[in-house]
Amino acid sequence: MNPVSDASFQNSSPLTRSRLAPNPGPMSLDGTNSYVIAAPDVAGVVVVDPGPLDETHLAALAATGTVELVLITHRHKDHTEASARFHELTGAPVRAADPAHCHGGQPLRGGEVIEAAGVEIRVLATPGHTSDSVCFHLPGDGTHGSVLTGDTILGRGTTVLDYPDGRLGDYLSSLDTLESLGQATLLPAHGPVLPAVDAVCREYRAHREMRLDQIREALARLGGQAEVQAVTDAVYPDVDPSVRWAAETSVAAQLDYLRG
């Protein structure tokens, strides 16, 4: 691995390390996993999702090597808040799909192949959680490769669709894209590393289908034009008030999908 030996980093795959940002919460789980990508014996590194504006966290990321590039999985604050500051600290270009979150770099394009820090990084457009969500596939990372999934797939629990920006039809297509990567190691932005992205995609799809069935049943009882709040009450009767908004957002996305 690269220059710094720091107990705050975990070896997440042969070509990546991660550091947990100090921003735990109901939606961020234990916090945001910021990843460092680099081939062995290469001084340069790529940082993915520098996370919240925490100077200790950023200093640790900056100390891992010469930061060549910063990549952003999507626009949410727990991934992007520190982007401008990290660009100032390192001089490295920050690239995201949304130009608003680029600093000194061009927007990312789905299908683009990046060569940096001795690693091939393939950009996958995976909208659904948000319209600008992307994942980063590292085909040379171990036996089956790896994929940094941002919030498109989590290491624990399921993903909120940030409707109306995020939409279920897009999300299901993105699951197809990720499932095609087979047994690639899943490196999520929240929660633990998982061994095979294809199996998790199948679990996620089954969960979405179960929720859609529950919403169909609720609509059959409540009427086809039932409001989001009423459907949420029926489908998520015990939801914690702190994440009620997330349940309502997911229900809205699923109603939009069902109603065409």
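## Lining of the largest pocket

Helix α7 contributes five residues, the largest share of the lining of the largest pocket. In this predicted model, local features need pLDDT of at least 70 and side-chain atom pairs count only at pLDDT 80 or more, whereas totals for chains, interfaces and linings use all residues. Residues are numbered from 1 along each chain as its sequence is written, and side-chain values use heavy atoms, without hydrogens and water.

The space in this pocket amounts to about 630 Å³. Its lining has 28 residues, of which Met27, Thr158, Thr159, Val160 and Ala246 are the closest to the centre, and the elements that give two or more residues to it are α5 (197-222) and α7 (244-259). By class, the lining residues are eleven nonpolar, ten polar and seven charged (Ala, Val, Leu, Ile, Met, Phe, Trp, Tyr, Cys and Pro count as nonpolar, Asp, Glu, Lys and Arg as charged, and the others, Gly among them, as polar).

A pocket here is an open set of points on a 1 Å grid over the protein atoms alone, where a 1.4 Å probe fits, with protein on both sides within 12 Å along at least five of seven lines; lining residues have an atom within 4 Å of a point. Grid points are joined across faces, edges and corners, and the volume is the space filled by probe spheres set on the points.

Strands β7 (residues 113-116) and β8 (residues 119-125) run antiparallel and are joined by four bridges, with valine 113 partnered by arginine 122 in β8. Two residues lie between the strands of this hairpin, in which alanine 117 takes a positive phi near 55°.

Four bridges also join β8 to the antiparallel strand β9 (residues 134-138), where phenylalanine 136 is the bridge partner of valine 123. Strands pair if DSSP finds at least two bridges between them; helices (H or I, at least four residues) and strands (E, at least two) are DSSP runs numbered from the N terminus.
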